[in-house]
Amino acid sequence: MIRYRTGVVLTLLSSSFFGLMGLFNLLAKEGGLGLFERITLRFLVGAVILWLVLKLQGKTTALPKHLRVRLFLASSLFFGGTSYLLFLSYAYIPTSLTTTLHFIYPLLVLLFSMSFDGYRPSTWQKWGTLLSLAGLYLAVRPSGGGSAKQGLGIALALASALTFCLYVRFLNRKEIKELDNTLLMLHVLSSAAATWAIPTLATLLKGSHMPILWAKAVGGIAGLALLSTVLGCTFFSLGIRTIGSEKASILSVFEPVTAILAGVLLLGESLPATFASGSLLIILGSYLVSRNKKEHIPILLTTKDIQA
């Protein structure tokens, strides 16, 4: 039995690992790995680790046949697509801004639930929506003049929130929620790895490759696959079971906070006043949107066992 304090620590660690994804991505990039290589290796290494875990536990690694095609498509397009959009966005705007804009996804999940599921938002969720929209405006508001490059990075980050929203809605299906969490993660990662290996191989076959700096490359992929994927997901799942999804949702705001701190302290990213204010409003708004005691909506704060 995990103690309450341990559950809090595990949840904080998981949020911190997710928030460091931009840093690990940059490390792998500086190690000479291309965009598609980083995406594929993150999924592949994570899948191998989970396969070994299941084998050591004596559990099955087989997925029910009727779920294989749907899970493959959702994993490849929505989950894999989210990582692609996030990693691509890192090249145009600061990692702290990318992560903060991606954190708008709970608002999108709420809007989809209202539009397609007849869900009625609570008063807190309405306030959260307004705060998130106000924060979004402040966060993306150009300071000192915008640029096409910055606009593209913002669009990619917001697109990653949309694809992740669609992925979360897929995870909310009854037959998916009934699967063992580790088994689900294994097939999500392996499906995404198989799909994104295609552009990886196509790129490698085109010509020469940048020199590989093995220390940075291995360190970056280890961070992405082990910390930001396997351990991050596992710790969050254990944290929810120990302290509950409500408290875990509060602690999950440390993901964008970690990204902002890592960007400023380790990557030298600037933090304009408007972005700082906007980030705070987005984080607070996302929490209020996700916070609902009357009726659950398919938000990641209760299914955040697999992070993009």
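Student: How do the residues of the lining of the second largest cavity divide by class?
Tutor: This is a predicted model, in which local features need pLDDT of at least 70 and side-chain atom pairs count only at pLDDT 80 or more, whereas totals for chains, interfaces and linings use all residues. Residues are numbered from 1 along each chain as its sequence is written, and side-chain values use heavy atoms, with hydrogens and water left out. A cavity is a set of points on a 1 Å grid over the protein atoms alone where a 1.4 Å probe fits but cannot get out, and lining residues have an atom within 4 Å of a point. With Ala, Val, Leu, Ile, Met, Phe, Trp, Tyr, Cys and Pro counted as nonpolar, Asp, Glu, Lys and Arg as charged, and the others, Gly among them, as polar, the lining divides into 5 nonpolar, 5 polar and no charged.

Student: Which helix gives the most to that lining?
Tutor: Helices are DSSP runs (H or I, at least four residues), numbered from the N terminus. Helix 2 (21-30), helix 5 and helix 13 (254-265) each supply at least two residues of the lining of the second largest cavity, whose members include Leu-23, Thr-99 and Ala-259. The most, 3 residues, comes from helix 13.

Student: What is the volume of the second largest cavity?
Tutor: The whole structure holds 2 cavities of 30 Å³ or more. Grid points are joined across faces, edges and corners, and a volume is the space filled by probe spheres set on the points. For the second largest cavity this gives about 50 Å³.

Student: Which residues of helix 14 make the contact with helix 5?
Tutor: Contact means heavy atoms within 4.5 Å. On the side of helix 5 it is made by Ser-96, Leu-97, Thr-100 and Leu-101. The residues of helix 14 are Phe-275, Ser-279 and Ile-282.

Student: How are helix 4 and helix 10 oriented to each other?
Tutor: The axes of helix 4 (residues 65-89) and helix 10 (residues 181-206) come within 8 Å and cross at roughly 70 degrees. Since angles of 65 to 115 degrees carry that name, the two helices are therefore roughly perpendicular.

Key
1 Å grid on protein atoms, 1.4 Å probe; cavity = no way out; pocket = protein on both sides within 12 Å on 5 of 7 lines; lining within 4 Å. Axes fitted to C-alpha atoms, helices over the stretch in contact; angles between N-to-C directions. Parallel < 35°, antiparallel > 145°, perpendicular 65-115°, else oblique.
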